[in-house]
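Here is a friendly tour for anyone who is new to reading protein structures. Keep the picture open beside you and look up each part as it comes along.

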Amino acid sequence: MRTLFLNPPSFEGFDGGAGSRWPASREIESYWYPVWLCYPAAMIPGSKVVDAPPHKISIEQTVAMAPDFELLVLFTSTPGFHVDIKIAEMMKDSNPSLKVAFVGPPVTVEPEKCLSASTAIDFVVKREFDYQIRDYALGKPLEEIPGVVFRKNGGIQHNPEAPVIENLDELPWVTKVYKSDLDFRRYNVPFLLNPYISFYTSRGCPAMCTFCLWPQTHSGHRWRLRSSDDIVNECRWAWQNFPGLKEIFFDDDTFNYQKARTIELCGKLKHLNMTWSCTSRVTTDYETLKAMKEAGARLLIVGYESGDQQILKNIKKGATVDMARRFTANCKKLGLTIHGDFIIGLPGETRESIRKTIDFAKELDVETIQVSLAHPYPGTEFYEHAKKNNLITIDSMTDETGHQLPNVIYPGLDRAELVDSVERFYGEYYFRPKVAFRLVRKAIFNGAERKRLYKEAREYLALRSKRKQFVKENKQQPVLTTSAGD
């Protein structure tokens, strides 16, 4: 079947269906690769991947493609689902014979609800969908494909779930689909070198963080690894076939979870003389970090989440505040850059715990940070906790432009204060003299960096103004006080 793999247009700058770990529009425009769609696309001759958001493809332009295909595979997300439904319906109207499959976390968690949302959806595939989509496109009946939910005889049929894919080396390289179907220069993440490409070296995550969407809904907790040779060969191919490429990002749930595997891979990566970055847990020891640095590692995305030990325990982070301090000191000693992720509104959050986290972030003083609002996505343990304790509001998790809004509240912390805390966090962190000096120094000596920082500043200040208006309109509680000495 002529197959279109679609990450659909939605909110401006929204890439939640591509593989984003926290589906929402960012404070600063950024795009991750639609890696999940590219695996099955590489197995179906004549297929096409369309990643609408970074390529600025409109809804009208997307719908116009419908007559050219027989099968549409649309990767959906909870915030963008209602828009995705409308696009599917418009494409079906344009081509009534078009078969439509939805994939992504929402259809794993609530397959019947998603399927019942529109008759335009012919079937959904739960969890990993690589081989299922390939088999259907090559003519296999839906009844024989595991993990599929579809309408039959006036009801809904749930096929038995498929086992996880164990041999990841059998899957094709997504970078070849990037080369044929995507413009890699359109992908930008502020803290990564531009242009970059990203892909996985593993699937699944053994960690049990209660808020994390992917292991609980899509890829599972079973950790499966590609061989080091397969990874190195794809890196080498990518470095040779993307002129001007600055960096490869390993977008695993946790790249360096196992010491022996990481050191083995780094022993082979270092011969490529390339620059790369990855995700990391704070449990990684000095020896492993040193091997990574020697192999070309530049930056680590680190989920610190909170500076309050009880909250880390509440979310089953499997790490402590002291571990985070030691890890950060080791990275600085080795010259590894850190982009730190923090979350406001996790279970047990209070004004005091927010204060602790802000102060903790300033103490760590990593290169860049991202502060997110906690979202209890359906299918996660965090969602069940919030639902059980009546913490979820009826309000949307995003505003009309796809930016995060809180949809979980706690006693003494209303929605306005949670949003205000995010802004206070950014303000206190970035408006410090030494941080300002770091940014100015970059801008002075690098013209491209100067241009990028100017664009990011404009985008952030526009959103900041919008958030302040939200706080003003929704304020019920006193805002967070500043600690002594700030």
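Helix 14 (residues 321-334) lies across strand 12 (276-280), strand 13 and strand 14, and runs at about 165° to strand 13. Keep in mind that you are looking at a predicted model. The points below start with the helices, move to the sheet, and then visit some individual residues.

**Helices on the sheet and on each other**
- Two packed helices are described by the angle between their axes and the distance between the axes.
- For helix 12 (residues 286-294) and helix 14, the angle is about 35° and the axes are 10 Å apart.
- The crossing of helix 12 with helix 14 is right-handed.
- On the helix 12 side, the residues that meet helix 14 are Tyr286, Leu289, Lys290 and Lys293. On the helix 14 side, they meet Phe327, Asn330, Cys331, Lys333 and Leu334.

**The sheet**
- Strands of a sheet pair through backbone hydrogen bonds, either parallel or antiparallel.
- Here 6 strands make up an open sheet with parallel pairing, and their order is 8-11-12-13-14-15.
- Strand 8 (196-199) and strand 15 (368-373) are at the edges; each has a single partner strand, so one side of each has no neighbour in the sheet.
- From one strand to the next, the twist averages 20°.
- Strand 13 (residues 297-305) pairs with strand 14 in the parallel sense, over 6 bridges. To find one spot in this area, look for Glu305, whose bridge partner in strand 14 is Phe342.

**A histidine in strand 14**
- His339 sits in strand 14, which spans residues 337-344.
- Is His339 buried or exposed? With a relative accessibility of 3%, His339 counts as buried, because the cut-off for buried is under 20%.
- Its side chain makes a polar contact with the side chain of Asp341, at 3.3 Å.
- Setting aside neighbours within four places in sequence, the residues in contact with His339 include Phe191, Leu299, Val302, Thr368 and Gln370.

- How many disulfides does the model have? The count comes to 0 disulfides.
- For Cys278, the closest cysteine sulfur belongs to Cys266 and is 7.9 Å away, which is too far for a bond because a disulfide needs the two sulfur atoms within 2.5 Å.
- Cys331 has its closest cysteine sulfur in Cys278, at 9.4 Å, again too far for a bond.
- Cys278 is buried, with a relative accessible area of 0%, and Cys331 also counts as buried at 0% relative accessibility.

- Most residues other than glycine have a negative phi, and most peptide bonds are trans.
- Asn194 and Pro195 are joined by a cis peptide bond, with omega at about 0°. You can find Pro195 in the loop between helix 8 (174-181) and strand 8.
- Asn273 is not a glycine, yet it has a positive phi of about 55°. Asn273 belongs to the loop between helix 11 (259-269) and strand 12, and it counts as exposed at 68% relative accessibility.
- Asp365, which is not a glycine either, has a positive phi of about 55°. Look for Asp365 in the loop between helix 15 (351-364) and strand 15; at 12% relative accessibility, Asp365 counts as buried.

Key:
Residues numbered from 1 in each chain as written. Predicted model: local features only at pLDDT ≥ 70, side-chain atom pairs only at ≥ 80, totals over all residues. Heavy atoms only, no water. Helix = DSSP H or I, 4+ residues; strand = E, 2+ residues; numbered from the N terminus. Buried < 20%, exposed > 50% of the residue type's maximum accessible area, 1.4 Å probe, protein only. Polar contact = N/O pair within 3.5 Å; in protein donor to acceptor, adjacent residues only side chain to side chain. Contact = heavy atoms within 4.5 Å. Pairing = 2+ DSSP bridges. Axes fitted to C-alpha atoms, helices over the stretch in contact; angles between N-to-C directions. Left-handed = near helix turned anticlockwise from the far one by under 90°.
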